[in-house]
Amino acid sequence: MPNVAKLINWLNENFPLHYAESFDNVGLLVGDPTAPFDSIALTFDATPEAVQQAVALNTKVLISHHPVIFQGLKTITPFERNQKAIMSAIKYGINLIAMHTNLDRATGGVNDVLAQRLGLKNIMPLSENDGIPHLIRIGELPQGMPVDDFLQWVCVRLNSKTLRHNNPTSRAIKRVAVCGGSGSQFWREVHQANVDAFITADVKYHTFWDAQDSLFIIDAGHYETEVPVLQNLRNQLSETFNVPIHLIHSENPVKYFVYGNQGND
Ligand SMILES: [Zn+2]
């Protein structure tokens, strides 16, 4: 039976842990490298509910995108969701692994999958530094799309209920930059790359405002832009590990109220 250390090695070969941002916390966060496993579960956030599902599935490994421990913990009590998840994981012997900004940056990770999901071709990182790809990916739609069609396309492809954006460009959309999750701090670099649109999330009012004359920025939702990676990660894991690989749904904590849409969900 494989053990957790073998899984971490495989993850590190494919999504190098040193690709993670300096503020991040990735790898095995709770558990024991020598622990054997005979199935793997993947989820977006290691919520208490996701850990409970792992318990119900009798799987000893839960890989999440967001780290269950991000900043220092002063307590481990059931009164905060992360801490409650950690308590259950320890109680039931579940190993919690996070693949966060290393997975964002790596080939075949969050941003490559996001670009593929949007139907982009010729996908390349914005730049590389010592062989390490930039988080941002740039690609091209097979043909230029009018802005309104493109916005609808993004909603359909990402399951986004609503989009926030600044002044739309007047030209057709062909060359597109993406950064799943919070990527709007890169907007000036993206602008230099001469794209027609930049899709990211968690965009602040002032960023929309600063960029409005130079870059068409679309906020398509943090969850919506990152969650597609899980299916790809599952496929890649199943090519290496001959064990069942479960996808555990973790809910988007962000809910949308779209005025005028009540009653027709
Ligand atoms: Zn995220």
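Modeller: Before we start, one definition: a residue is buried if 20 or more other C-beta atoms lie within 10 Å of its own, exposed if 12 or fewer, and partly exposed in between. This is a predicted model.

Colleague: OK. Where does Arg81 fall, then, buried, partly exposed or exposed?

Modeller: Arg81 has 15 C-beta neighbours inside 10 Å, so Arg81 counts as partly exposed.

Colleague: Which helix is Arg81 in?

Modeller: Arg81 belongs to helix 3, which covers residues 81-91.

Colleague: And what does Arg81 touch, leaving out residues up to four places away in sequence?

Modeller: Thr47 and Pro48, with that exclusion applied.

Colleague: How far is Arg81 from Phe23?

Modeller: Their C-alpha atoms are separated by 21 Å, and the two residues are 58 residues apart along the chain.

Colleague: Let's zoom out. How many helices and strands does the chain have?

Modeller: The chain has 10 helices and 13 strands. Its radius of gyration is 19 Å, close to the 18 Å from the globule rule for 265 residues, so the chain is as compact as a globular protein of that length.

Colleague: What box do the C-alpha atoms fill?

Modeller: Roughly 55 × 50 × 35 Å, taken along the principal axes. Of the 265 residues, 40% are buried.

Colleague: What share of the contacts joins residues at least 24 apart?

Modeller: It is 66%, counted among contacts between residues at least 6 apart in sequence.

Colleague: What domains does the assignment give?

Modeller: Domain 1 is 4-103 + 228-247, and domain 2 is 107-225. The contact between them takes eight residues from domain 1 and eight from domain 2.

Colleague: Which element gives the most to the domain 1 side of that contact?

Modeller: Helix 10 (residues 229-240), with three residues. By class, that side of domain 1 has six nonpolar residues, two polar ones and no charged ones.

Colleague: And how far apart are the domain centres?

Modeller: The C-alpha centres of domain 1 and domain 2 lie 28 Å apart.

Colleague: Core next. Which residues touch the most other members of the largest nonpolar core?

Modeller: Leu62, Val176, Ala177, Ala197 and Phe198, out of 69 residues in that core. Strand 10 (residues 173-182) gives the most to this core, with five residues. Domain 1 and domain 2 both give residues to the core, so it lies between them.

Colleague: What does Ala197 touch, again without residues up to four places away in sequence?

Modeller: Ala197 touches Phe150, Ile173, Val176, Phe216 and Ile218 on that count.

Colleague: Ile218 sits in which strand, and what stands opposite?

Modeller: Ile218 is in strand 12, and His165 stands opposite. Strand 9 and strand 12 (residues 217-219) pair in the antiparallel sense, over two bridges.

Colleague: What is the order of the six strands in that open sheet?

Modeller: The order is 5-8-10-11-12-9, and the pairing is mixed. Strand 5 (121-125) and strand 9 (164-165) are the edge strands, and each pairs on one side only.

Colleague: Switching to strand 2. Why is strand 2 described as largely enclosed?

Modeller: Six of the six residues of strand 2 are buried, so strand 2 is largely enclosed by the rest of the structure.

Colleague: How many bridges join strand 2 to strand 3?

Modeller: Four, and strand 2 (residues 40-45) runs parallel to strand 3. Asp45 stands opposite His66 of strand 3. Strand 3 (residues 61-66) is mostly covered too, with five of its six residues buried.

Colleague: And which residue of strand 13 is opposite Ile40?

Modeller: Ile245. Strand 2 and strand 13 (residues 245-247) run parallel and are joined by three bridges.

Colleague: Last one, helix 5. How many of its residues are buried?

Modeller: Seven of the eight residues in helix 5 (residues 110-117) are buried, so helix 5 is largely enclosed by the rest of the structure. The buried residues are Val110, Asn111, Asp112, Val113, Leu114, Ala115 and Arg117.

Colleague: What happens just after helix 5?

Modeller: Gly119 takes a positive phi of about 80° there.

Terms used: Residues are numbered from 1 along each chain as its sequence is written. This is a predicted model: local features need pLDDT of at least 70, side-chain atom pairs count only at pLDDT 80 or more; totals for chains, interfaces and linings use all residues. The radius of gyration is taken over C-alpha atoms; the globule rule is 2.2 Å times the number of residues to the power 0.38. Two residues are in contact if their C-beta atoms, placed from the backbone, lie within 7 Å. A nonpolar core is a set of buried Ala, Val, Leu, Ile, Met, Phe, Trp, Tyr and Cys residues joined through C-beta atoms within 7 Å. Domain bounds come from an automatic or database domain assignment. Ala, Val, Leu, Ile, Met, Phe, Trp, Tyr, Cys and Pro count as nonpolar, Asp, Glu, Lys and Arg as charged, and the others, Gly among them, as polar. Two strands pair if DSSP finds at least two bridges between them.
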